[in-house]
Amino acid sequence: MKKLIFITYIISSFSTLANDTLFLSANNDYSNEQYSTAIVKYESIINDNLESPELYYNLGNCYFRTNEIHKAIYYYEKTLKHNPNFNGAKENINLCKEKLIDKIDVMPELFYKKLFGKIKNSISFNTWIILTLISIWMMLFISIYSLLRRRRNYIARFSLLSLALILFCITININNDYLNNRSAIIYTLSTDIMSAPSAKSTKKFTLHIGTKLKINDQIGDWVNINIANGKKGWVFLEDIKEI
Amino acid sequence: MKKILFILFLGCCFLANAQINFSSTKQNSFQLRTNKLGAFYITKIERTSNGKKSEQCIINGTEINCELISRCQNGNCNELENYLINNKILQISKPINNQKTKNTNNNNKKVVSGNQLFINATTNKREIYVGEQIIVTYKLHTRLNNLENYEIPSEPNLNGFWKKDLPISSRFKQENINGVTYLTAVIKKTVLTAQKSGKLTIDPMEVTCNTRVLNQQNRSRSWPNFGNIYSLKKEFISSRPIVINVSELPNPKPKGFKGAVGEFNISSNIDKIELKANDAITYSIKITGTGNIELIDAMKINFPEDFEVYDPKINDNIIEGGNKRSTKNYEFLLIPRYEGSYEIPSYTFIFFNPKTKKYITKKTSKYNISVLKSDNNEKGYVPITQQEIIESNKDINYIKIDTVLVKKSDKNQNLKLFYLLFFLPILVIIILRIILFFKKDIITNILDRKHKIANKIANKKLRKASECIKNKNFEGFFEETEKSLWGYFADKFKVQIADLSKESVESYFNDNNIKKDVEIRFIELINHCEFARYSPSNNKDKQMSGILSSAKKIIIDVESELK
């Protein structure tokens, strides 16, 4: 059994190794302006069930170069989903947005939400997990120590416990964001946003390729979305691609 | 087929204002009418005066040689025909309809027919590219001789075109169209530049014409008659719409193409290439050619950053909206602020030639400019306001070279581990608390064991001293206590007997982090023992047990401190 695990580990590490070299050769293609071959290579890495923010980012760049702006935005958004602090992707998205047909004024966020968002994004999700675990385990050790040495240490124990709980809440919140904040990119040239989940309902407005949508709900083939300026509606599932 | 008719008119009397004029003329009129030639009159007047016979031939009011007519009478009419055409007496015309133009005068009852007054809109091209130019000419045609004036109430709607009106001379000219003579006047001439592709329609132009009409009521009254009184009658006419097929410029459009269509030439000129700092250079770019030159934007040239560049002065000489060879001259004033050698890059001008259907790139020449040190300002130019660095061309960030590829993981699995690791310590603490609640002693016992060991050691060391108490050997007791304390100290800290002193106690105690209080008590106790040994005292009995217990305590304390 142990051998089997070992062998699978070796094989999987080989496959990552092969994909690493594939990644590098795709980078080379990109710098030689052979964007389509680079795209094929990057995509094959993704099909191998591997991912990284940089991989998505580079693929987004390729699509930008081949003038497929909607795909570029899709992959940049995917990059940001994995690493919200990826500044290169943020800047590139802003450039892409200038090329889109739809211009949407983003609703300003409430200041405390903005602040909270900044705090959440200041370090990565894994760091939040590690910090939470460190604080709770420290609490445990201090408690045991206090018991053995007959010291009270109430302040230290209480503060560590509360810190751990706060960190835990933040971590859970980030995770919920990741799971619940589903968004999508319009992949067809133009799509109508309807007032109800049916093709017969009245058309509210039209959106064009590359626009980002936030998914709220889904009924059958229809998805309830809202766009950055707060407008809501229903869009046909096949017109969009979820990030 | 030609027919010749002779009409003879004889005599005519005019009676006016009760005055009688009598005149007698003998006229021989020939009317030549052919199917081909239309209508004209030949008048042949034969006169006999003083016995001489003279002939005079008049055709449509012009005197001609009678010989030609006599030849024509004999069947040879070609010469006559040519003569008439050459002298503009006869116009070859095919009557379009049978309407006679005889009564066009005073004809106020008749509706002006399309043949007599109309506008013709013509373009020089029908198939063009976006940005290409066409000329639309609106021509007023009339066969009326009572046309007073005309006016254009509204400009035609030109969707998708950029238009420029050209100056026109609105003088009437004679023009022959399909054999019918018209008076024509160009009333509007516009250069249109197509701005978008597709089938664009030039809307019809409407013109209001005023014709002079003799007032019928006044005329019918024979008395009094103050001459002819005219009124103006309005006629509305409009041209036909024209559909222009505008095709998109072929793709791919080269980078830097800004929509210039036509045939151009570009040249640049600079007035000096060597100068001192803070002097001015005049750099000019001249575009000549035909096309939509008027729509060429101000050009952007990447001048060196240390040059102060002023907005270009644009002089243009555009003829017929660029339809004829025009020029556009951009004059830049440049002031280099620092010494050094600079390069004015060449400007690339790309245009589409609709004739060859190709994009053509033309470049101006490069100039190398050497700027010398300025005379008056040693330090050079010091800008008052600091310049901001402006990113001229935005582009995406470059790709990332390194990455750590990871398996697309199920985030939930990681999260389960996280929950486990988070709640485990909490659980452990809770369990510990519960255990302690029920079995408080366990921990105390663990802690007490050490205490017990320390107690044992103390008892062992002080055994002799406690024996002395039993024997009531007072001197021996103090001696033993002191000795055993020193012995304990020496054993514990591995001190040589010779080194034993109160100072060394302090240093060793300090080194092992033993509380100051214990140290003080230790020294006090030893002092006390020494003192008690040599001093007579009555209540040594009572002291002994106290000293023993305090010695014990000191040893226990030291033991627990040292662990």
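Trainee: Which residue forms a salt bridge with A:Glu68, and how far apart are the closest N and O atoms?

Mentor: The partner is A:Lys71, and the closest N and O atoms are 3.3 Å apart. Keep in mind that this is a predicted model. Side chains of opposite charge can pair when their charged atoms come close. Now check how open the two residues are. A:Glu68 counts as partly exposed because its relative accessibility is 25%, and buried would need under 20%. A:Lys71 has 22%, so A:Lys71 also counts as partly exposed.

Next, take A:Lys212 and A:Glu77. They form a salt bridge too, with the closest N and O atoms 3.1 Å apart. This pair links distant parts of the chain. A:Lys212 sits in strand E5 (residues 212–219) of chain A, while A:Glu77 sits in helix H4 (residues 69–82) of chain A. The two residues are 135 residues apart. A:Lys212 is partly exposed, at 35% relative accessibility. A:Glu77 has 9%, so A:Glu77 counts as buried.

Chain B has a salt bridge between B:Glu132 and B:Lys125. Their closest N and O atoms are 3.1 Å apart. B:Glu132 is buried, with a relative accessible area of 9%. B:Lys125 is partly exposed, at 32%. Over all chains, the count comes to 9 salt bridges.

Now turn to the meeting of the chains. Between chain A and chain B, the count is 0 salt bridges. Polar contacts do occur there: 11 residue pairs, both residues at pLDDT 80 or more. On the side of chain A that touches chain B, helix H1 (2–31), helix H2 (35–47) and helix H8 (154–180) are among the elements that each supply at least two residues. The largest share of that side, 13 residues, comes from H7(A). By class, the side of chain A that touches chain B has 29 nonpolar, 15 polar and 9 charged residues.

How much surface is involved? The contact takes 53 residues from chain A and 35 residues from chain B. The size of an interface is often given as the accessible area lost when the parts come together. Here chain A and chain B bury about 4000 Å² between them, with 69% of it on carbon and sulfur atoms. In chain A, the residues that lose the most area to chain B are A:Glu51, A:Leu147 and A:Phe168. Together they account for 14% of what that side buries.

Finish with the strands. E1(A) pairs with strand E29 (residues 406–407) of chain B in the antiparallel sense, over 2 bridges. There, B:Lys407 in E29(B) is the bridge partner of A:Leu50.

Terms used: Residues are numbered from 1 along each chain as its sequence is written. Chains are lettered from A and ligands numbered from 1 in the order in which they are written. This is a predicted model: local features need pLDDT of at least 70, side-chain atom pairs count only at pLDDT 80 or more; totals for chains, interfaces and linings use all residues. Side-chain values use heavy atoms; hydrogens and water are left out. A salt bridge is a side-chain nitrogen of Lys or Arg within 4 Å of a carboxyl oxygen of Asp or Glu. Buried means under 20% relative accessible area, exposed over 50%, partly exposed in between (1.4 Å probe, protein chains only). Helices (H or I, at least four residues) and strands (E, at least two) are DSSP runs, numbered from the N terminus. Contact means heavy atoms within 4.5 Å. Buried area is the accessible area (1.4 Å probe) that two parts lose on being put together, summed over both. A polar contact is a pair of N or O atoms within 3.5 Å; within protein, one must be able to donate a hydrogen and the other to accept it, and residues adjacent in sequence count only if both atoms are side-chain atoms. Ala, Val, Leu, Ile, Met, Phe, Trp, Tyr, Cys and Pro count as nonpolar, Asp, Glu, Lys and Arg as charged, and the others, Gly among them, as polar. Two strands pair if DSSP finds at least two bridges between them.
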